[in-house]
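Hi,

Here is the structure I said I would pass on. Please open it first, then read the notes below.

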Amino acid sequence: MKNTILTWMLIFISSFYTICFSSEPNKLSKSEQKDGWKLLFDGKTLNGWRDYLGEGVKGPWKVEDGCLVSKGEGSDSTGYLISKGEYANFVLTFDWKISKLGNSGVFYHVVERPQFKVPYVTGPEYQVIDDIGKGSNLLDWQTLGADYAMHVPDKNKKHLKEVGEWNSSKIVFDNGHVEHWLNGEKIVEFEAWTDDWFSRKVGGKNLNAPEYGLARSGNFALQDHGSQAWYKNFKIKELPKKPKTEILFNGKDLTGWERVGTELWYVENGEMVCKSGPDKAEGYLETRKYYDNFDLTLDFKQVSDGNSGVFFRSFIKKATDISGWQVEIAPLGMHTGGIYESDHGRGWIAPLPADKENVLKKGEWNTMRILAIGNKVTTWLNGVKMVELNDARVGSGKGRILLQVHNEDVPEIHWRNIQIKELTQ
């Protein structure tokens, strides 16, 4: 009887120890797997990760004792490791520790383009730093757990472990609702892409990073900022996208839009008007938000002939130099409704069939519809399907909606009823 009791006590103690103290790192429990969680780091290899703007891992990162470790050889402009996968809405959890006076960070929604030399010009950052060691040298928006340069963490809820000890963090991004957690406490909470969010963006360090924080999806990135940091237990649960419809033009003013160039954009009699300005140069009016998968409808009227268009998944590289794709709006016989690529040398990737050239109504209101879902883009003009495109490069694009005034002509174009419905892929 005593042996039986002793055996059961040993089994209980062993089970208790296993459950409470020896949880194997970088593994998913059965309940986590059932609930949809996935590992981003296997604890053994750099599979699933690579250098930013590179192939493979040549930068200062290694796997050591089940941890992703930065070697401390990076800088502000080098040493970034990114996930191979892209993610939109998610709960991300991870454990980390930092070296004395160390500085690192976890970025999300990073857009990888040659024009973006570092992840932080597009991706928001959960700041990882030695608050205790750096102390008064840090501004509030630079401290541990901050939404870097944007939102300050709640000091009263920050319970940071000593340097060299493990901390647990969580980032929630749920259709624009964002939370930062540290050791079981929510320390930051905000809504992305609101008026308050945009005011923080243009009023702070991100003023010279116009594409910062706009992407609806992207890579994760880790930073080696010249000091060692250790990460493990990267786990992610993806959340569903919640489609919604937006009125992009309120009929009163240009709220929600930003001018690019010197051309004229204004509202008159409930209509948005664009004309060539004094420089007679190329210009744009762009949404301040990104839109990936969408159903866009708008009305336009060409008061005087000229070349215009609707750009999608596009962004301004510099001045009025644009990267992306355009649904053409032009005079009769010039491919209105066709799709043109601006900066990869391919030009007309979906030219208009000759029998569709007469669908445009000269000098009258026309209705354009653009449906973009993944690689597939379809356009309609006045209810007639114009072109259908399936293209991987277009599918990987991220960016804004932009309306154009072209520099070759002196157009006057009016717009109204601009509405977009965001879609799940």
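Asp321 and Lys317 form a salt bridge, with their closest N and O atoms 3.6 Å apart. This is a predicted model, so please read every value here as computed. Asp321 is partly exposed, at 41% relative accessible area. Lys317 is partly exposed too, at 31%.

Lys317 also forms a salt bridge with Asp343. Here the closest N and O atoms are 3.7 Å apart. Lys317 sits in strand β20 (residues 308-318), while Asp343 sits in the loop between β22 (339-341) and β23 (347-350), so this pair ties together parts that are 26 residues apart in sequence. Asp343 has a relative accessible area of 23%, which makes this residue partly exposed.

Another pair to look at is Lys385 with Glu388. Their salt bridge has its closest N and O atoms 3.3 Å apart. Lys385 counts as partly exposed, at 40% relative accessibility. Glu388 also counts as partly exposed, at 47%. Elsewhere, salt bridges with shared partners link Glu211, Glu258, Glu286 and Arg400 into one network. Over the whole structure, the search finds 29 salt bridges.

Now the pockets. The largest pocket holds about 500 Å³ of space. Its lining has 27 residues. Nearest its centre lie Ala88, Ser217, Lys241, Asp292 and Asn293. By type, the lining of the largest pocket splits into six nonpolar, 11 polar and 10 charged residues.

The second largest pocket holds about 370 Å³. It is lined by 23 residues, and Asp76, Tyr120, Glu125, Tyr148 and Lys205 are the closest to its centre. Two elements give two or more residues to this lining: β7 (103-110) and β8 (125-129). The largest share, three residues, comes from β8. By type, the lining of the second largest pocket has 10 nonpolar, nine polar and four charged residues.

Is β8 buried or exposed? Five of its five residues are buried. Side chains in a regular strand alternate between the two faces of the sheet. In β8, Glu125, Gln127 and Ile129 are on one side, Tyr126 and Val128 are on the other, and both faces are covered.

Which way do β7 and β8 run relative to each other? They are antiparallel, joined by five bridges. Gly105 stands opposite Gln127 of β8.

Best wishes

Terms used:
Residues numbered from 1 in each chain as written. Predicted model: local features only at pLDDT ≥ 70, side-chain atom pairs only at ≥ 80, totals over all residues. Heavy atoms only, no water. 1 Å grid on protein atoms, 1.4 Å probe; cavity = no way out; pocket = protein on both sides within 12 Å on 5 of 7 lines; lining within 4 Å. Points joined across faces, edges and corners; volume = space filled by probe spheres on them. Nonpolar A, V, L, I, M, F, W, Y, C, P; charged D, E, K, R; others polar. Helix = DSSP H or I, 4+ residues; strand = E, 2+ residues; numbered from the N terminus. Buried < 20%, exposed > 50% of the residue type's maximum accessible area, 1.4 Å probe, protein only. Pairing = 2+ DSSP bridges. Salt bridge = Lys/Arg side-chain N within 4 Å of Asp/Glu carboxyl O.
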